[in-house]
Amino acid sequence: MNLARTALLLALALTSSLAFAAVKTVTLSVPGMTCELCPITIRKAVSRVPGVSKVEASYDTKQAVVTFDDAKTSVEALTKATADAGFPSKPVQ
Ligand SMILES: [Cu+2]
């Protein structure tokens, strides 16, 4: 009885965590870009974060568009990655 209940709870936990995992896209404002090489540095830094599947950084817009799995990483981890690379950023609303 207890085993069946445990198995059921485990199954529920697994399905619900899968249901809440989602691929999301966030646009980060990165005002510290000063030349055409900056977006390359930012792209490298952010793409190293586990869960990130795509990064598009542009010097023209001074923004980075990041596609990520929100079960594996967070916007905070992404902005920390750019800050650690020398480019503080924040999400664009
Ligand atoms: Cu630069």
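Trainee: What should I keep in mind before reading anything off it?

Mentor: It's a predicted model, where local features need pLDDT of at least 70 and side-chain atom pairs count only at pLDDT 80 or more, while totals for chains, interfaces and linings use all residues. Residues are numbered from 1 along each chain as its sequence is written.

Trainee: How do you know which strands pair?

Mentor: Two strands pair if DSSP finds at least two bridges between them. Strand 1 (residues 23-29) and strand 3 (residues 63-69) have seven bridges, antiparallel. Strand 2 and strand 3 have six, also antiparallel. Strand 1 and strand 4 have two, again antiparallel, and they count as a pair because the cut-off is at least two.

Trainee: What is the strand order, and why are strand 2 and strand 4 called edges?

Mentor: The sheet is open, with four strands in the order 2-3-1-4 and antiparallel pairing. Strand 2 (52-58) and strand 4 (90-91) each have a single partner strand, so one side of each has no neighbour in the sheet.

Trainee: Why is Thr25 called exposed?

Mentor: You count the other C-beta atoms (placed from the backbone) within 10 Å of the residue's own: 20 or more is buried, 12 or fewer is exposed, and in between is partly exposed. Thr25, found in strand 1, has 11, so it's exposed. Leaving aside neighbours within four places in sequence, Thr25 is in contact (C-beta atoms, placed from the backbone, within 7 Å) with Val65, Val66 and Thr67.

Trainee: And why is Lys62 only partly exposed?

Mentor: Lys62 has 18 other C-beta atoms within 10 Å, so it lands in the partly exposed class. Lys62 is in the loop between strand 2 and strand 3, a hairpin with four residues between the strands. Phi of Lys62 is near 55°, a positive value in a residue other than glycine. Another positive phi, near 100°, belongs to Gly86, which follows helix 3.

Trainee: How do you know that helix 2 has a buried face?

Mentor: Pro39, Ile42, Arg43, Ala45 and Val46 are buried in helix 2. Taking the directions from the helix axis to the C-beta atoms, those residues fall within an arc of 170°, so they line one face. Their cover includes strand 2, strand 3 and helix 3.

Trainee: What makes helix 3 one-sided?

Mentor: Leu78, Thr79, Ala81 and Thr82 are buried in helix 3. They cover an arc of only 155°, which puts them on the same side of helix 3. The face turned away carries the exposed residues Glu76 and Asp84. Strand 1, helix 2, strand 3 and strand 4 are included in what covers the buried ones.

Trainee: What makes a set of residues a nonpolar core?

Mentor: A core is a set of buried Ala, Val, Leu, Ile, Met, Phe, Trp, Tyr and Cys residues joined through C-beta atoms within 7 Å. The largest one here has 14 residues, and Val30, Ile42, Val46, Ala64, Val66 and Leu78 touch the most other members. Helix 2, strand 2, strand 3 and helix 3 each supply at least two residues of this core. Beyond four places in sequence, Ala64 has contacts including Leu28, Val30, Ile42 and Thr82.

Trainee: How much of the protein counts as buried?

Mentor: Of the 93 residues, 22% do. As for contacts between residues at least 6 apart in sequence, 61% join residues at least 24 apart.

Note on methods:
Two residues are in contact if their C-beta atoms, placed from the backbone, lie within 7 Å.
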